[in-house]
Amino acid sequence: MNDLIPPEVRARLRSLQLLSRRAVGNHGIGLHSSRSRGAGLEFAQYRAYEPGDELRQVDWKLYARSDRFFVREAERESPLAVWLLLDATASMSQGDAARPGWSRLHAGKALVACIAELALRQGDRFGLIALRGDGLRLVAPATGVRQRDRLLLELHGLSAQGVWPATDALRPLWERIGAGDLVVMIGDGFDEGALEVAERLAAARREVLSIRILTAEERDFPFRGGYRFRDQETGEELLGDGPALREDFLNRFAAARTALDARLDASGIRHAEYVLDEALDLPLRRLFGAGAA
């Protein structure tokens, strides 16, 4: 299942780093500035002993001088929690002739696997929430190779179906995703429900990134002759002549993308696009490469 990431893409991932803008504190080890206090290596402060503290943390020399028990607290690195929210609704099954056998969902799974590899390399926690018509499929964040294998196994069995989940089904998002967590949303980007989730998470001071997956046919509209266009989620159909529709479609589609970008920008959500005929790591380089905004 590691074949989700092509070898040449895996090699290029080595130059990327997951960075959190909302990390807590001003100092850090490695890639994040997020720290918590506990029993670590770098001294931070003393505090009064409390029941349950380990005796090895007591500073006995200070006790000898003050006749009071004090515990040495140190700062330790607090790994980033990366939540990968993957749209698995019916529209994600769409592919095109530019790359046969490669759908939006295939690309979404591969992007999830890439980001999980980055988190694994950095020692960060990472988890998955796949959203589709029958609700959510969740792999809680954890670290390590076994966690990566659990995530890949979940991706392997995941198919695209239904529409965006109802509001009640989204409750785990608000309960599980905590302050300081990094959320990467991957999908076709046009579902109003997905946009509302991104905006709500951003308003709750979660750092949200968005990767919008497009088909090459959406970008280029290369159709010639008469076509039957069908919405995979609603079943709605449109009969039309490709060349006659092309200019109007491209203008409308460009305007819709511009409006979506402005909406994400207004919420402080960084975003990138991926088209199915492009290199898989292109949106990751835009979001996590050197000099990324």
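How many aromatic pairs does the structure hold? The structure holds four aromatic pairs; rings of Phe, Tyr and Trp (its six-membered ring) pair if their centres lie within 6.5 Å, and planes under 30 degrees apart count as stacked, over 60 as edge-to-face and the rest as tilted. One of them joins Phe 221 and Phe 223 edge-to-face, 4.9 Å centre to centre with 80° between the planes.

This is a predicted model, in which local features need pLDDT of at least 70, side-chain atom pairs count only at pLDDT 80 or more, and totals for chains, interfaces and linings use all residues. Residues are numbered from 1 along each chain as its sequence is written, and side-chain values use heavy atoms, with hydrogens and water left out.

The protein chain contains nine helices and 11 strands. These are DSSP runs, numbered from the N terminus: helices are H or I with at least four residues, strands E with at least two. Of the 293 residues, 44% count as buried. Buried means under 20% relative accessible area, exposed over 50%, and partly exposed in between (1.4 Å probe, protein chains only).

Phe 221 and Phe 223 are both buried. The charged end of Arg 212 sits over the ring of Phe 190, 5.8 Å from its centre. For this, NZ of Lys or CZ of Arg must be within 6 Å of the ring centre and within 35 degrees of the ring normal.

Arg 212 also forms a salt bridge with Asp 261, the closest N and O atoms being 2.7 Å apart. A salt bridge is a side-chain nitrogen of Lys or Arg within 4 Å of a carboxyl oxygen of Asp or Glu. This pair links distant parts of the chain, with Arg 212 in strand β8 and Asp 261 in helix α8 (residues 242-266), 49 residues apart. Arg 212 counts as buried because its relative accessibility is 4%, whereas Asp 261, at 22%, counts as partly exposed.

A search of the whole structure finds 17 salt bridges. Among them, Glu 117 and Arg 148 meet at 3.1 Å, N to O. Glu 117 is in helix α3 (residues 104-122) and Arg 148 in helix α4 (residues 145-156). Both are buried.

Trp 83 lies in strand β4 (residues 81-87). With a relative accessible area of 2%, Trp 83 is buried.
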